[in-house]
Amino acid sequence: MSDSAKRIKELLEKSICNSSKVFIVGHNTPDYDSIGSALALSIIAKNYGKNAYIIVNDNDIGLDPGIKKILDENKKIHNIISLEECHSLIDEHSLLIATDVNKKYLVSVKNDLDKFSDILVIDHHEEDKETIPTTKKIVDLSASSVSEMITQVLTSLKIKYDQEIANYLLAGIILDTKSYQNNTTAITHDATKKLIQKGADLDYVNSLFLTEFDQEGKIELLIHTPGNTIFQEYEQSSLLKTRNITFTINRASPGTIYQKLDIAKAADKMLKFRVADASFVLGFLKENMVCISARSRSDINVGQIMGRIDYCGGNAKNAGGLIETDDIFAVEKKLMKEIQWGLPSIALPLEEPPITKVKKLRKA
Ligand SMILES: [Mn+2]
């Protein structure tokens, strides 16, 4: 057992016993390490006779499908609650355990930290000035994952847990080590051995990652199939800057049905490329229903652009909407026309958008 796992065991024992309720939070948009360790911590809290709640305040957009499946399957069994529900349940002796995270800005309870009487941080990421202030903090940079540390605690406390929990913890370890290629020590393998003895099923764990792989492929094809993405250069007159905007549609098979998450991820992914200061991705969610995802990583207010179209809107860097139509290209045309009318800036929100000139148009 690692020194950090020993300390976690001691601190958990003390903090849980002194509390009325236990709230567990991972980082926003949870991954397998965050959610696996949170579920295991909930079992530990229950083992001490306390009510435990896991706070997950993310909406469905942006969540990995495998994570969403785990959340749905465990919502009732493990009291997975929203931030709002947390506000109504919290009392003056509530303990907060932050797992797989230590920065304030990465937790949904960032504005409520003073409402907890005790805070325990368990993590394996670097700390900085934004780290949650508490004396009870175990941050072990040498641990592969929190799942690895919590597996040791479960073993040491001789707590019974089922195959599902073993699966989630194993998924956490496999994710964070990139299948034992990074940060892997003898302790990592020892924790893996314990999880497999508890019935962890590698086929199941692999299937979680396979789902993600399939989705990646679909998104890659949507973005990179020649002709699908159009690159357009605009002049943002208010800032005297040239901006690159991309428009992506499955142009060969425009009727292809996508999940909302695929379209959102494709728009996010486009921003990783130099060619996109803002990106728009369009696709059908079902017959006669076109979804637009708009993203910006520059001083282009895509929320304002989307706001000019009925049933669309959002904030400056992340926007979108749903339009009832069977003509996806007409939606794109309208969108381009709205952009030509004016490219709103985030820095100068009050200025009337000037007429935007199209400088260049090319297809991938
Ligand atoms: Mn992690």
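Predicted model: local features only at pLDDT ≥ 70, side-chain atom pairs only at ≥ 80, totals over all residues.
The manganese ion is held by four protein donors, namely Asp33 (OD), Asp100 (OD), His124 (NE2) and Asp176 (OD), at 2.1 to 2.3 Å from the ion. Along the chain these donor residues follow the spacing D-x66-D-x23-H-x51-D. Aspartate 33 belongs to helix 2 (residues 32–47) and aspartate 176 to helix 6 (residues 163–176), so this pair ties together parts of the chain that are 143 residues apart in sequence. Aspartate 33 has a relative accessibility of 0% and therefore counts as buried. Aspartate 176, at 18% relative accessibility, also counts as buried, because the cut-off for that class is under 20%.

An open sheet is formed by six strands in the order 3-2-1-4-5-6, with parallel pairing. Its edges are strand 3 (80–81) and strand 6 (136–139); each has a single partner strand, so one side of each is left without a neighbour in the sheet. Within this sheet, strand 4 (residues 94–99) and strand 5 (residues 118–123) run parallel and are joined by five bridges. Leucine 96 has isoleucine 119 of strand 5 as its bridge partner.

Helix 1 (residues 3–17) lies across strand 1 (21–25), strand 4, strand 5 and strand 6, and its direction makes an angle of about 155° with strand 6. Helix 1 also packs against helix 5 (residues 146–156): the two axes come within 9 Å and cross at roughly 60°. Helix 1 is therefore oblique to helix 5. The crossing of the two helices is right-handed. On the side of helix 1 the contact is made by Ser4, Ala5, Ile8, Lys9 and Leu12, and on the side of helix 5 by Met149, Ile150, Gln152, Val153 and Ser156. In an α-helix there are 3.6 residues a turn, so residues three or four places apart point the same way.

Strand 9 (residues 278–286) runs antiparallel to strand 10 and is joined to it by eight bridges. In this pairing lysine 286 stands opposite methionine 289 of strand 10. The hairpin of strand 9 and strand 10 has two residues between the strands, and asparagine 288 adopts a positive phi near 65° there. Strand 10 is also paired with strand 12 (residues 318–324), in the antiparallel sense and over seven bridges. Here arginine 295 is placed opposite asparagine 318 of strand 12.

Burial is likewise a feature of helix 9 (residues 260–270), which is mostly covered, with nine of its eleven residues buried. Among them are Leu261, Ile263 and Met270, together with the charged residues Asp262, Lys265 and Lys269.

Glutamine 236 is located in strand 7 (residues 229–236). The relative accessible area of glutamine 236 is 0%, so this residue is buried. Beyond its neighbours within four places in sequence, glutamine 236 is in contact with Lys241, Arg243, Asp299, Ile300, Leu343, Pro344 and Ser345. The C-alpha atoms of glutamine 236 and glycine 342 are separated by 8.0 Å, although the two residues are 106 residues apart along the chain.

Note on methods. Residues numbered from 1 in each chain as written. Heavy atoms only, no water. Donors = N, O, S within 2.8 Å, 3.2 Å for Na, K, Ca; no water. Helix = DSSP H or I, 4+ residues; strand = E, 2+ residues; numbered from the N terminus. Buried < 20%, exposed > 50% of the residue type's maximum accessible area, 1.4 Å probe, protein only. Pairing = 2+ DSSP bridges. Contact = heavy atoms within 4.5 Å. Axes fitted to C-alpha atoms, helices over the stretch in contact; angles between N-to-C directions. Parallel < 35°, antiparallel > 145°, perpendicular 65-115°, else oblique. Left-handed = near helix turned anticlockwise from the far one by under 90°.
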